[in-house]
Amino acid sequence: MTSRFMTGLLLCLTLAAFLLSLMAGKVWIWPMSWAADNADGWIFLELRLPRALLGLCVGAALGLSGAVLQGYLRNPLADPTVLGVSASAALGGVLAIFLGINLVPFGLFGCAMIGAGASILLLLAIGRGGGPIGFILGGMVLSTLAGALTAFVISIAPNPFAASEIINWLMGALTDRLMEDVLTALPFMAIGALLLLTTGRALDALTLGENGAKSLGVDLFRLQWLIVLGVGLSVGASVAVSGVVGFVGLIVPHLIRSFYGEQPSRILVPSALGGAILTLTADSLVRLIPGPGEMRLGIAMAVLGAPFFLLLLLRYRRGPA
Amino acid sequence: MNLNVQNLAFAHGSTATLEGISATFEAGRLSVILGPNGAGKSTLLACLAGLRKPNRGTAKLGDEDITAMPAPTRAKRIGLLPQGAETHWAITSEALVALGRIPHLRGAGASADDRRAIAAAMHATATDGFAQRPITELSGGERARVLLARVLAGEPEWILADEPLANLDPGYQLDILDLLRQQARGGKGVVAVLHDLHHAVRFADHIVLLHQGSVFAQGAVDDVITAQNLATVYGIDALLSKDEDGATQLLIKGKMRS
């Protein structure tokens, strides 16, 4: 009953955060002018609506991916940023731009999603058998390598204007995205999320370790591919459309657990909602910081997320919670 | 219905190899697999549980090949208590026991049947007193019983337990052995990998003694646990006698001098 109440509350908060994202900014736009035929109406339709929809989807995709990765790797420190999945998706995207693949329909999305999916396969190869910290170290390796390669590709980009464009995108933001971009990303994220939502029972079984799960009839090979595809689609599409927005998948499942308990299947939907709430709220707040220009959402999340990661790390060093 | 392996061979990476294993485990008995470290006990159990596919030979439940059974069907009939008492999240005892129902679940929630099986398993292992406590807060003995209840909740015909007594105090070890024996008396097939020879002598109905990947001896306790066999397989000097009730008593005097 409590968890049903919590889910209702999360749904209300998601709606509230979505409405806040539609209204907040240097110019506040109240619901009565949403359909107005003036500047306010135009800002709403062309700027705020795509931005809020993007915040909703990217946040949900990242929150859900974090919850699934943590359950799969049985590690509460796992998250697309920490594991290098986001950085690898970014590398895929940058390569697509450098090689001109982004001119092909879905080229940028395809490359980012392949980057994200491939990084999980690499991670499983590197981290297996290294215990709980093995995947985190493997993720660090991947993250560093993908970052270096990304920097390399940018540095040899022939056109300085393109280079600054890429850097701008990589920093992570929901600003100035066209409705068209949002509608391209949405189906990929939706399919990815649906795949990830089917993993709940298998993740629960993994509470007993790999042999325990196998003895319960869980097909670990199938689960691995569901996660590679699901996270690849969700995180790949998120990065393709909004750059690297980090740590949502780390922070959210952790907070959700204190209300829903730690059973992996029970935190999947709430983590998606929590991710949307956090992303929408943070993206509304960065608009309200006074001063010229606007703080990047990706930077704001990193400033928030890095200390959080440290806090968790210290806590788990003292003994598992 | 018995569980049997015929001329089974297994080799893969760093796991212990098995060669030419033939053995039959009967339902209604507590069978114990013994042998020194690296003899292949856990590998044999993994083959019986269908987790590992033998390179040669067969592992069968009745006359069905275990590796050819669909995983959910196999999981309903053969329950495994894996080595190491691994658990990962701070879920409640009841939620952990409920995981045993996964092979039976259809659709979203738990059925009345599921709830009955979970309650019965927790009652049988006397774990219902702390159903709502997180498993991370339980003592080693309580956790071991909850993990066994998880296997029982699946209502399998066979219970395979891989070193179920590791890291338990003597009293808790006897609790688990009593529970396994109860299950065997109730008609289930029970196969346990054990390290402690005293426990094997006291509780086993049937023993398979492995040595360097092959069956060294198998049969009733008195046929397998002989001073000569223990000297060869473990390199120990043991004294065997009968007490006034006719039960076998084992005294390990020390290592064999070579």
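Two strands are taken as paired if DSSP finds at least two bridges between them. Helices (H or I, at least four residues) and strands (E, at least two) are DSSP runs, numbered from the N terminus. On these terms, strand E6 of chain B and strand E7 (residues 158-162) of chain B pair in the parallel sense over 4 bridges. Within this pair, B:Leu80 has B:Leu160 in E7(B) as its bridge partner.

The model is predicted; local features need pLDDT of at least 70 and side-chain atom pairs count only at pLDDT 80 or more, whereas totals for chains, interfaces and linings use all residues. Residues are numbered from 1 along each chain as its sequence is written, and chains are lettered from A and ligands numbered from 1 in the order in which they are written. For the complex, the predictor gives an ipTM of 0.90 and a pTM of 0.91. The pLDDT, which is the predictor's confidence in each residue on a scale from 0 to 100, averages 91 in chain B, where 99% of the residues score at least 70. In chain A the mean pLDDT is 88, and 97% of the residues reach 70 or more. Confidence within chain A is lowest in H6(A), at a mean of 79, and highest in helix H8 (residues 200-205) of chain A, at 95.

The pairing of E6(B) with E7(B) belongs to an open sheet of 6 strands in chain B, with the order E6-E7-E8-E3-E9-E10 and mixed pairing. Strand E6 (78-81) and strand E10 (214-219) of chain B each have a single partner strand and stand at the edges, so one side of each is left without a neighbour in the sheet. From one strand to the next, the twist averages 15°. Helix H1 (residues 41-48) of chain B packs on this sheet and touches strand E3 (30-34), E7, strand E8 (189-193) and strand E9 (206-211) of chain B; the direction of the helix makes about 150° with that of E8(B). Helix H6 (residues 170-185) of chain B lies across E3, E7 and E8 of chain B and runs at about 150° to E8(B). Axes are lines fitted to C-alpha atoms, for helices over the stretch in contact, and angles run from 0 to 180 degrees between N-to-C directions. Two residues are in contact if their C-beta atoms, placed from the backbone, lie within 7 Å.

B:His211 stands opposite B:Ser214 in E10(B). The hairpin formed by E9(B) and E10(B) has 2 residues between the strands, and B:Gln212 takes a positive phi near 50° there.

A further open sheet of chain B has 4 strands in the order E2-E1-E4-E5, with antiparallel pairing. Strand E2 (15-26) and strand E5 (64-65) of chain B are at its edges, each with a single partner strand, so one side of each is left without a neighbour in the sheet. Strand E1 (residues 2-12) and strand E4 (residues 56-61) of chain B pair in the antiparallel sense over 5 bridges; the bridge partner of B:Ala9 in E4(B) is B:Arg56.

B:Ala85 lies in the loop between E6 and helix H3 (93-98) of chain B. A residue is buried if 20 or more other C-beta atoms, placed from the backbone, lie within 10 Å of its own, exposed if 12 or fewer, and partly exposed in between. B:Ala85 is buried, with 20 other C-beta atoms within 10 Å. B:Glu163, in the loop between E7 and H6 of chain B, counts as partly exposed, with 19 C-beta neighbours inside 10 Å.

In chain A, helix H6 (residues 160-170) has A:Ile166, A:Trp169 and A:Leu170 buried. Viewed down the axis of H6(A), its buried residues fall within an arc of 100°, so they line one face of the helix; the arc is that of the directions from the helix axis to the C-beta atoms. A:Pro160, A:Phe161 and A:Ser164 are exposed on the other side of H6(A). A:Gly172, which follows H6(A), has a positive phi near 85°.

The contact between the chains takes 19 residues from chain B and 19 residues from chain A. Helix H2 (residues 71-77) of chain B supplies 4 residues, the largest share of the side of chain B that touches chain A.
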